[in-house]
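I opened my notebook to look at how two chains meet. Here is what I looked up, entry by entry.

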Amino acid sequence: MNIYDIIFYLFAGITIISGFLVVSVKNIVHAAFYLLFTLFGIAGLYVLLGADFIAIVQIMVYVGGILILILFGVMLTNKIVDVEIKSESFQVIPAIIFIGILMGGLVFLMVTTNWENNELIIPLTTTKILGNIILTDYILIFELLGILLLIALIGAATIARKDKV
Amino acid sequence: MAQVGLNHFLIVSALLFSFGLFAVVTRKNAVMVLMGIELILNASNINFIAFSKFGNFAIDGQVIALFVIVLAAAEAAIALAIVLNIYKVFSNVNVDEIDNLKE
């Protein structure tokens with residue numbers, strides 16, 4: 001067991017345990033903070049897979065952006081009168097049965113399928129390669145995503161504004 | 001506890017996907033449903049990047065993962081704007097109680 005494996009099990013443990021806590025704790029604010037650890041663990045897994053740029057983007061966009069947005073959503077949609085912000089669950093027993101079967105099936109598929117497995121030697125930094133490939137092969141998707149982000153921002157601002165003009 | 005390879009990453013991703021789906025189908029609060037969706041998107045991203053390294057896809061998987069992150073950001077912004085509006089109209093965000101299109 002070399003150092004790579006030890007680090008993998010560390011990050012995978014952080015990711016899975018806090019991911020389980022996200023869906024099992026009652027308090028929504030606690031769930032949001034467990035989501036923080038899950039996202040950090042996933043960023044660590046990206047680094048282990050040789051995707052350094054994606055890991056940084058993950059931390060900047062998810063931890064710095066989406067998680068803050070979600071916390072704002074929690075704060076703004078609960079009466080702050082009570083300190084405990086609880087969230088109830090429903091249909092838990094059928095969900096556990098169904099998702100248990102689904103999880104078992106997925107893990108079984110992942111383990112038994114004979115995946116093509118030739119490990120690619122990914123260069124030490126991928127930023128330059130990613131920039132080149134985005135601006136050549138994926139230029140159309142890149143431009144469309146820019147337009148989509150603009151539309152999403154305008155749409156979010158329009159939906160959430162107070163006074164309808 | 002064998003040598004870490006493709007399977008290990010795929011199993012982590014499968015577990016995260018199941019947790020996310022569990023949050024989506026059982027939680028009442030709409031913000032918790034959003035967190036479940038984020039977990040599902042992250043699980044798919046782990047798969048993309050794992051296959052980018054171990055499959056025969058060069059670095060294209062990482063590009064797709066980048067696009068997924070961008071879409072997740074747009075989706076979170078829009079969804080939270082809608083949730084805030086729902087809260088303004090119904091005074092709660094429980095997805096099982098909101099069954100009218102208007103008040």
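Where is the place of Ile40(B)? I found Ile40(B) in helix α2 of chain B; helices here are DSSP runs (H or I, at least four residues), numbered from the N terminus.

A note on ground rules. This is a predicted model, in which local features need pLDDT of at least 70 and side-chain atom pairs count only at pLDDT 80 or more, while totals for chains, interfaces and linings use all residues. Residues are numbered from 1 along each chain as its sequence is written, chains are lettered from A and ligands numbered from 1 in the order written, and side-chain values use heavy atoms, leaving out hydrogens and water.

Back to Ile40(B). I looked up its contacts (heavy atoms within 4.5 Å), and Ile40(B) touches Phe17(B), Gly20(B), Leu21(B) and Val24(B), not counting residues up to four places away in sequence. Gly20(B) is 20 residues from Ile40(B) in sequence, but their C-alpha atoms are 5.2 Å apart in space.

Next, salt bridges. I counted a side-chain nitrogen of Lys or Arg within 4 Å of a carboxyl oxygen of Asp or Glu. The whole structure has one salt bridge over all chains. Lys28(B) forms a salt bridge with Asp96(B), with 3.7 Å between the closest N and O atoms. Lys28(B) lies in the loop between α1 and α2 of chain B and Asp96(B) in the segment after α3, so the pair ties together parts 68 residues apart in sequence.

Then I turned to where the chains meet. The contact takes 85 residues from chain A and 72 residues from chain B. Between chain B and chain A I found zero salt bridges. On the side of chain B that touches chain A, α1 (6-26), α2 (30-54) and α3 each supply at least two residues. The most comes from α3(B), with 24 residues.

Last, one helix pair. How do helix α3 (residues 52-76) of chain A and helix α3 (residues 60-90) of chain B cross? Their axes (lines fitted to C-alpha atoms over the stretch in contact, with angles from 0 to 180 degrees between N-to-C directions) come within 10 Å and cross at roughly 10 degrees. That makes α3(A) roughly parallel to α3(B), the word for angles under 35 degrees. Among the residues making the contact are Phe53(A) and Ile54(A) of α3(A), and Leu80(B) and Tyr87(B) of α3(B).

Notes. Angles under 35 degrees count as roughly parallel, over 145 as roughly antiparallel, 65 to 115 as roughly perpendicular and the rest as oblique.
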